[in-house]
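My notes are below the view.

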Amino acid sequence: MIEVKQVSKNFGPVKAVDNVSFSVAAGETLILLGTSGCGKTTTLRMLNKLEEPSAGIITFNNQPISEIPPEQLRRRMGYVLQHTGLFPHYTVAENMAIVPRLLKWESRRIQDRAIELLHKLHLSEEYLTLYPDQLSGGQQQRVGLARALMADPPVLLLDEPFGALDPITRVHIRQEFLHLDELKRKTVIMVTHDITEAFELGDRICLMQQGRIEQMGLPKELLFQPKSDFVRSFLKEQQLPLELKNVTLAEIGIAGIQNVPASGSVWDALALLLPPPNSSDFTPPTNEKTTNKNPPAANAPEINQLLKALQNFRKS
Ligand SMILES: Nc1ncnc2c1ncn2[C@@H]1O[C@H](COP(=O)(O)OP(=O)(O)OP(=O)(O)O)[C@@H](O)[C@H]1O
């Protein structure tokens, strides 16, 4: 659906994006991941012509975007800016009506669609008359997303959509986002520097550094077949929890544990098997030579089996 071919962008002497190529299939969620300044936002902005590439070609449904007028292109690509980008002097309703008005929708249709989306994002229609600074960060974020979805564009570009939120709200809104039916049919390209977020939401991840792509692939490919030391060290801190969450029991040869099916993650199984924190039943699996005052957890053999199977999977 979208193809980026050998695209570069220079700002004076700064090579913001350096010979980048990738494609995004219809219905896919692609994450542009990397540290601050690696060129993620510039890449995203070039996709809807907010920036012109210095070199290379971008096509949308096989047509070079240089041939598509910006307004026409942007109608097909909803865009959620960093820090929501809501207009402060417009109410929620006015913010949400911007694109539908350009499309000459009738007022009634605009209002019905706005209310429908607010409900889907767990906001009541009373928010329509409020101004952005009367909303919490999480509510603003939801309105930003709702505004981008108003005209039901097939593509959604998201620049750090959860960036301004505290960690708890961030996890909560991310879950809502994951389950939103409106998004399931869309092609989504999202910028983030949050590794957990990237692995939770992305079908594929494009890890960038200094304007270049270090590795692009399935989350599991980055985890288990890192292409460079940079990829390895970028993921290092999160490696274990990401492995536990991304590997299924079936993949490590386990048919299911208690009520976690084979398609469930190793993480889900461990969460079930490990006794709750502070439980007197908890003794971590250890080698036999270590003496423990407490008896081993009732599930210790199953926990050991899981960890051994994961270890074998890593080696395979
Ligand atoms: N309009 C501009 N003028 C000059 N330099 C720019 C401009 N936009 C971006 N840059 C530079 O290009 C490089 C890439 O910036 P970009 O915003 O794409 O990175 P990023 O990975 O999205 O970073 P962040 O996560 O901090 O937003 C940076 O060095 C930045 O300073």
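These entries go from the whole chain down to single residues.

**Ground rules.** I am working with a predicted model, where local features need pLDDT of at least 70, side-chain atom pairs count only at pLDDT 80 or more, and totals for chains, interfaces and linings use all residues. Residue numbers start from 1 along each chain, as its sequence is written.

**Whole chain.** I looked up the extent first. The C-alpha atoms fill a box of roughly 75 × 50 × 30 Å along the principal axes. I find 14 helices and twelve strands in the chain. These are DSSP runs, numbered from the N terminus: helices are H or I with at least four residues, strands are E with at least two. Of the 316 residues, 34% are buried. Buried stands for 20 or more other C-beta atoms within 10 Å of a residue's own, with C-beta atoms placed from the backbone. I then checked contacts, which are pairs of residues whose C-beta atoms, placed from the backbone, lie within 7 Å. Among contacts with a separation of 6 or more, 60% join residues 24 or more positions apart.

**Domains.** The domain assignment gives domain 1 (2–236) and domain 2 (247–276 + 298–315). Such bounds come from an automatic or database assignment. I get 34 Å between the C-alpha centres of domain 1 and domain 2.

I traced an open sheet of six strands, ordered β6-β7-β8-β3-β9-β10, with mixed pairing. Which strands stand at the edges? They are β6 (77–80) and β10 (212–217); each has a single partner strand, so one side of each lacks a neighbour in the sheet. The twist averages 15° from one strand to the next. Pairing here requires at least two DSSP bridges between two strands. β9 (204–209) and β10 pair antiparallel over five bridges. Leu-207 has Gln-215 in β10 as its bridge partner.

**Helices on the sheet.** α1 packs on the sheet and touches β3 (29–33), β6, β7 (155–159), β8 (187–192) and β9. Its direction makes about 150° with that of β8. α6 (137–149) lies across β6 and β7, at about 165° to β6. Axes are lines fitted to C-alpha atoms, for helices over the stretch in contact; angles run from 0 to 180 degrees between N-to-C directions.

**β1, β4 and β5.** β1 (2–11) and β4 (55–60) pair antiparallel over five bridges. Glu-3 stands opposite Thr-59 in β4. β4 also pairs antiparallel with β5 (63–64), over two bridges. Phe-60 stands opposite Gln-63 in β5. β4 and β5 form a hairpin with two residues between them, and Asn-61 in the turn has a positive phi of about 50°.

**Ile-65.** I placed Ile-65 in the loop between β5 and α2 (70–75). Is Ile-65 buried or exposed? Ile-65 is buried, because 24 other C-beta atoms lie within 10 Å. Beyond its neighbours within four places in sequence, Ile-65 is in contact with Lys-49, Ile-58, Thr-59, Phe-60 and Leu-73.

**Ligand.** I listed the residues around the ligand; among them are Phe-11, Val-14, Lys-40, Thr-41 and His-193. The criterion is a C-beta atom, placed from the backbone, within 6 Å. β2 (14–24) and α1 (40–47) are the elements that give two or more residues to this shell. α1 gives the most, with three residues. The shell divides into four nonpolar, seven polar and one charged.

Technical notes
Nonpolar A, V, L, I, M, F, W, Y, C, P; charged D, E, K, R; others polar. Contact = placed C-beta atoms within 7 Å. Buried ≥ 20, exposed ≤ 12 C-beta atoms within 10 Å, placed from the backbone.
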